[in-house]
Amino acid sequence: MSSSSALLAPWPKLVHRKNLHVLVVLDIDVMIHAAGDCVLMKPAESSKLPYVARVEKIEADARGQVKVRVRWYYRPEESIGGRRQFHGSKEVFLSDHYDVQSADTIEGKCVVHTFKSYTKLDAVGNEDYFCRFEYNSATGGFNPDRVAVYCKCEMPYNPDDLMVQCEGCADWFHPSCIEMAAEDAKKLEHFFCLSCAPQDDKKTLNHVASRISDMKVQLSVIDQEVFNPICFSVY
Ligand SMILES: [Zn+2]
Ligand SMILES: [Zn+2]
């Protein structure tokens, strides 16, 4: 292949292996496959976070410069709706926005997990991200446009936030939404929400219950602003 020899000369960082489907970036000691490997790419401004992308294709142009065709992941703050309370710090959206970039802008490899596998990680490394939505960059719409919501506050799950599960109804609750300190929640061996707590406990919890119902009225107003135009519901 003529592209093979042309490739090595102008791009000393890049080594051509077998064919253009694999790219080795020497200074970061990383091998990238065109079959969907995810990468971090240099942002336009060095103060910004790196861009997250999925490599679709690796190719050399007529001058032998290596280009990668990428499909961008958007960070919540890059989306039309912006970052919301339930977005995780490592959450990204798989967009419909494709681009061709110089391979030279690759900073390193990363892993974009499914939501489920991300929540099962023992430790989240710098290179770990997760994706639960596809994002339409023109309309700002998400797919799926409905996700399960939890707790009194009826929010989708943010994996960064501590939640406790009720042994009665299996719903999950933010300690702050049930007036519990996070430290106390971590020590709980058993937890029953107000609806599921044994009758005797309900009397002592009554004052908490009335305050929570007040809070829910307030939050339902906020919900409408926060979630419009996306409608979240339990499924
Ligand atoms: Zn809550
Ligand atoms: Zn319950």
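Two strands are paired when DSSP finds at least two bridges between them, strands being DSSP runs of E with at least two residues, numbered from the N terminus. The model is predicted: local features need pLDDT of at least 70, side-chain atom pairs count only at pLDDT 80 or more, and totals for chains, interfaces and linings use all residues. Residues are numbered from 1 along each chain as its sequence is written.

Select the 8 strands of the open sheet, which follow the order 9-8-4-5-6-7-10-11 with mixed pairing. Strand 9 and strand 11 (142-143) are at the edges; each has a single partner strand, so one side of each lacks a neighbour in the sheet. At the strand 11 end, strand 10 is antiparallel to strand 11 and joined to it by 2 bridges. Display Tyr135 and, opposite it in strand 11, Phe142.

**The cores.** Next, select the largest nonpolar core, which has 30 residues. A nonpolar core is a set of buried Ala, Val, Leu, Ile, Met, Phe, Trp, Tyr and Cys residues joined through C-beta atoms within 7 Å. Buried denotes 20 or more other C-beta atoms within 10 Å of a residue's own, with C-beta atoms placed from the backbone. Among the elements giving two or more residues to this core are strand 4 (38-41), strand 5 (51-60) and strand 8 (106-114). Centre on Val92: its contacts (C-beta atoms within 7 Å) include Val52, Tyr73, Val112 and Cys131, not counting residues up to four places away in sequence. A separate core of 6 residues includes Phe86, Cys151, Met155 and Val164.

**A buried arginine.** Finally, select Arg132, in the loop between strand 9 and strand 10 (134-135). Arg132 counts as buried because 21 other C-beta atoms lie within 10 Å.

Methods. Chains are lettered from A and ligands numbered from 1 in the order in which they are written. A residue is buried if 20 or more other C-beta atoms lie within 10 Å of its own, exposed if 12 or fewer, and partly exposed in between; C-beta atoms are placed from the backbone. Helices (H or I, at least four residues) and strands (E, at least two) are DSSP runs, numbered from the N terminus. Two residues are in contact if their C-beta atoms, placed from the backbone, lie within 7 Å.
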